[in-house]
Amino acid sequence: MNTNKNNIIKYSIFIALSSLFLFTDLLTKFIAQTTLEGKKPMVLIDGVLELLFIRNEGAAWGMFSGAGIIFSVIAIAAIIFMIYVLIKMPATKHYGMLLATIICLFTGALGNLIDRLWLSYVRDFIYFYGIDFPVFNVADIFVTIGAVLLIISLIFIYREKDYAFLKLKR
(Lines give C-alpha, C1' and ligand atoms only; values in the text may rest on other atoms or scores of the structure.)
Protein backbone atom coordinates (compact mmCIF):
# COMPACT_ATOMS: atom_id res chain seq x y z
CA MET A 1 0.00 0.00 0.00
CA ASN A 2 1.39 3.43 -0.82
CA THR A 3 2.13 6.14 1.71
CA ASN A 4 -0.62 8.50 0.52
CA LYS A 5 -3.28 5.83 0.86
CA ASN A 6 -1.97 4.88 4.31
CA ASN A 7 -2.02 8.54 5.40
CA ILE A 8 -5.60 8.90 4.18
CA ILE A 9 -6.55 5.85 6.25
CA LYS A 10 -4.65 7.18 9.31
CA TYR A 11 -6.31 10.61 9.11
CA SER A 12 -9.74 9.09 8.40
CA ILE A 13 -9.49 6.88 11.48
CA PHE A 14 -8.33 9.85 13.55
CA ILE A 15 -11.13 12.14 12.36
CA ALA A 16 -13.87 9.50 12.60
CA LEU A 17 -13.00 8.23 16.08
CA SER A 18 -12.13 11.64 17.51
CA SER A 19 -15.42 13.03 16.21
CA LEU A 20 -17.40 10.10 17.61
CA PHE A 21 -15.67 10.28 20.99
CA LEU A 22 -16.00 14.07 21.18
CA PHE A 23 -19.69 13.88 20.27
CA THR A 24 -20.19 11.25 22.99
CA ASP A 25 -18.43 13.43 25.56
CA LEU A 26 -20.32 16.61 24.72
CA LEU A 27 -23.67 14.82 24.45
CA THR A 28 -23.28 13.11 27.84
CA LYS A 29 -22.27 16.42 29.42
CA PHE A 30 -25.32 18.12 27.91
CA ILE A 31 -27.65 15.35 29.10
CA ALA A 32 -26.08 15.37 32.55
CA GLN A 33 -26.41 19.13 32.90
CA THR A 34 -30.00 19.28 31.68
CA THR A 35 -31.18 16.34 33.79
CA LEU A 36 -29.02 16.48 36.93
CA GLU A 37 -28.07 20.11 37.63
CA GLY A 38 -29.61 21.31 40.87
CA LYS A 39 -31.09 17.90 41.64
CA LYS A 40 -30.25 15.04 43.98
CA PRO A 41 -27.76 12.49 42.64
CA MET A 42 -29.15 9.71 40.48
CA VAL A 43 -28.12 6.43 42.10
CA LEU A 44 -27.13 3.80 39.54
CA ILE A 45 -25.59 1.25 41.92
CA ASP A 46 -26.48 1.91 45.55
CA GLY A 47 -23.41 2.83 47.58
CA VAL A 48 -21.16 2.58 44.52
CA LEU A 49 -22.05 4.69 41.49
CA GLU A 50 -24.04 7.91 41.18
CA LEU A 51 -24.61 10.55 38.56
CA LEU A 52 -24.06 13.92 40.22
CA PHE A 53 -23.63 17.12 38.22
CA ILE A 54 -20.93 19.56 39.30
CA ARG A 55 -19.23 22.56 37.70
CA ASN A 56 -15.49 21.94 37.88
CA GLU A 57 -13.48 25.15 37.63
CA GLY A 58 -10.16 23.44 38.33
CA ALA A 59 -8.12 20.67 36.80
CA ALA A 60 -8.68 16.95 37.02
CA TRP A 61 -10.97 16.08 39.93
CA GLY A 62 -11.43 19.73 40.92
CA MET A 63 -7.82 20.39 41.92
CA PHE A 64 -6.46 23.92 41.49
CA SER A 65 -9.87 25.57 41.27
CA GLY A 66 -9.86 28.86 39.40
CA ALA A 67 -6.81 28.05 37.25
CA GLY A 68 -8.87 27.35 34.14
CA ILE A 69 -6.84 29.67 31.92
CA ILE A 70 -3.62 27.84 32.77
CA PHE A 71 -5.24 24.49 32.01
CA SER A 72 -6.67 25.83 28.76
CA VAL A 73 -3.18 26.90 27.64
CA ILE A 74 -1.75 23.50 28.63
CA ALA A 75 -4.57 21.72 26.76
CA ILE A 76 -4.01 23.83 23.64
CA ALA A 77 -0.27 23.10 23.72
CA ALA A 78 -0.95 19.37 24.19
CA ILE A 79 -3.46 19.35 21.32
CA ILE A 80 -0.97 21.11 19.02
CA PHE A 81 1.74 18.61 20.00
CA MET A 82 -0.59 15.65 19.37
CA ILE A 83 -1.49 16.99 15.92
CA TYR A 84 2.23 17.40 15.19
CA VAL A 85 2.90 13.80 16.25
CA LEU A 86 -0.05 12.59 14.17
CA ILE A 87 1.25 14.38 11.07
CA LYS A 88 4.83 13.15 11.51
CA MET A 89 3.92 9.60 12.57
CA PRO A 90 4.44 6.96 9.87
CA ALA A 91 1.16 5.54 8.61
CA THR A 92 1.90 1.90 9.36
CA LYS A 93 0.24 -0.77 11.49
CA HIS A 94 3.21 -0.59 13.86
CA TYR A 95 1.97 2.79 15.09
CA GLY A 96 -1.63 1.67 15.68
CA MET A 97 -1.26 1.85 19.47
CA LEU A 98 0.23 5.33 19.22
CA LEU A 99 -2.67 6.41 16.99
CA ALA A 100 -5.17 5.05 19.55
CA THR A 101 -3.29 6.87 22.31
CA ILE A 102 -3.37 10.16 20.42
CA ILE A 103 -7.08 9.79 19.63
CA CYS A 104 -7.96 9.24 23.30
CA LEU A 105 -5.74 11.99 24.70
CA PHE A 106 -6.75 14.44 21.95
CA THR A 107 -10.46 13.80 22.42
CA GLY A 108 -10.31 14.11 26.20
CA ALA A 109 -8.25 17.29 26.10
CA LEU A 110 -10.47 18.85 23.44
CA GLY A 111 -13.72 17.89 25.17
CA ASN A 112 -12.72 19.54 28.42
CA LEU A 113 -11.11 22.49 26.60
CA ILE A 114 -14.40 23.18 24.81
CA ASP A 115 -16.15 23.29 28.18
CA ARG A 116 -13.52 25.62 29.65
CA LEU A 117 -13.60 28.04 26.71
CA TRP A 118 -17.37 27.94 26.23
CA LEU A 119 -18.58 27.74 29.84
CA SER A 120 -15.53 28.67 31.99
CA TYR A 121 -15.91 25.33 33.78
CA VAL A 122 -15.92 21.62 32.99
CA ARG A 123 -19.10 19.58 33.40
CA ASP A 124 -18.46 16.52 35.58
CA PHE A 125 -21.13 14.01 36.55
CA ILE A 126 -19.84 10.47 37.19
CA TYR A 127 -19.19 9.70 40.85
CA PHE A 128 -17.97 6.47 42.44
CA TYR A 129 -19.56 6.96 45.84
CA GLY A 130 -18.21 3.82 47.50
CA ILE A 131 -14.55 4.80 47.11
CA ASP A 132 -15.21 8.56 47.23
CA PHE A 133 -13.47 9.01 43.88
CA PRO A 134 -13.64 12.58 42.49
CA VAL A 135 -16.48 13.36 40.09
CA PHE A 136 -15.43 13.05 36.44
CA ASN A 137 -16.78 12.91 32.87
CA VAL A 138 -16.38 10.99 29.62
CA ALA A 139 -13.48 13.21 28.44
CA ASP A 140 -11.63 12.29 31.64
CA ILE A 141 -12.19 8.61 30.82
CA PHE A 142 -10.60 9.15 27.39
CA VAL A 143 -7.61 10.94 28.95
CA THR A 144 -7.19 8.10 31.44
CA ILE A 145 -7.39 5.44 28.73
CA GLY A 146 -4.92 7.45 26.63
CA ALA A 147 -2.51 7.75 29.57
CA VAL A 148 -2.69 3.99 30.21
CA LEU A 149 -2.10 3.28 26.51
CA LEU A 150 0.86 5.67 26.53
CA ILE A 151 2.43 3.95 29.53
CA ILE A 152 1.91 0.51 27.97
CA SER A 153 3.37 1.79 24.70
CA LEU A 154 6.43 3.30 26.35
CA ILE A 155 7.16 0.22 28.45
CA PHE A 156 6.21 -2.68 26.20
CA ILE A 157 5.76 -1.64 22.57
CA TYR A 158 7.93 1.20 21.32
CA ARG A 159 11.63 1.81 21.72
CA GLU A 160 13.60 5.01 21.25
CA LYS A 161 14.19 4.26 17.54
CA ASP A 162 10.41 4.12 17.01
CA TYR A 163 10.22 7.82 17.87
CA ALA A 164 12.91 8.87 15.38
CA PHE A 165 10.20 10.43 13.22
CA LEU A 166 9.82 13.16 15.86
CA LYS A 167 13.42 14.36 15.67
CA LEU A 168 13.85 17.76 14.12
CA LYS A 169 15.79 17.63 10.87
CA ARG A 170 18.56 20.14 10.36
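Which residue forms a salt bridge with Arg123? In this predicted model, where local features need pLDDT of at least 70, side-chain atom pairs count only at pLDDT 80 or more, and totals for chains, interfaces and linings use all residues, the partner of Arg123 is Asp115. Residues are numbered from 1 along each chain as its sequence is written, and side-chain values use heavy atoms, with hydrogens and water left out.

A salt bridge is a side-chain nitrogen of Lys or Arg within 4 Å of a carboxyl oxygen of Asp or Glu. The structure holds 5 salt bridges, including those in the table.

| Salt bridge | Closest N and O atoms |
|---|---|
| Lys29 and Asp115 | 3.3 Å |
| Arg55 and Glu37 | 2.6 Å |
| Arg123 and Asp115 | 2.8 Å |

Lys29 forms a salt bridge with Asp115. This pair links distant parts of the chain, as Lys29 belongs to helix α1 (residues 3-36) and Asp115 to helix α3 (residues 96-119), 86 residues apart. Helices (H or I, at least four residues) and strands (E, at least two) are DSSP runs, numbered from the N terminus.

Lys29 is buried at 0%, Asp115 is buried at 0%, and Arg123 is buried at 3%. A network of salt bridges links Asp25, Lys29, Asp115 and Arg123.

Arg55 forms a salt bridge with Glu37. That pair also links distant parts of the chain: Arg55 lies in strand β2 (residues 49-56) and Glu37 in the loop between α1 and β1 (42-45), 18 residues apart. Arg55 is partly exposed, with a relative accessible area of 45%, and Glu37 is partly exposed, with 32%.

How values were computed: Buried means under 20% relative accessible area, exposed over 50%, partly exposed in between (1.4 Å probe, protein chains only).
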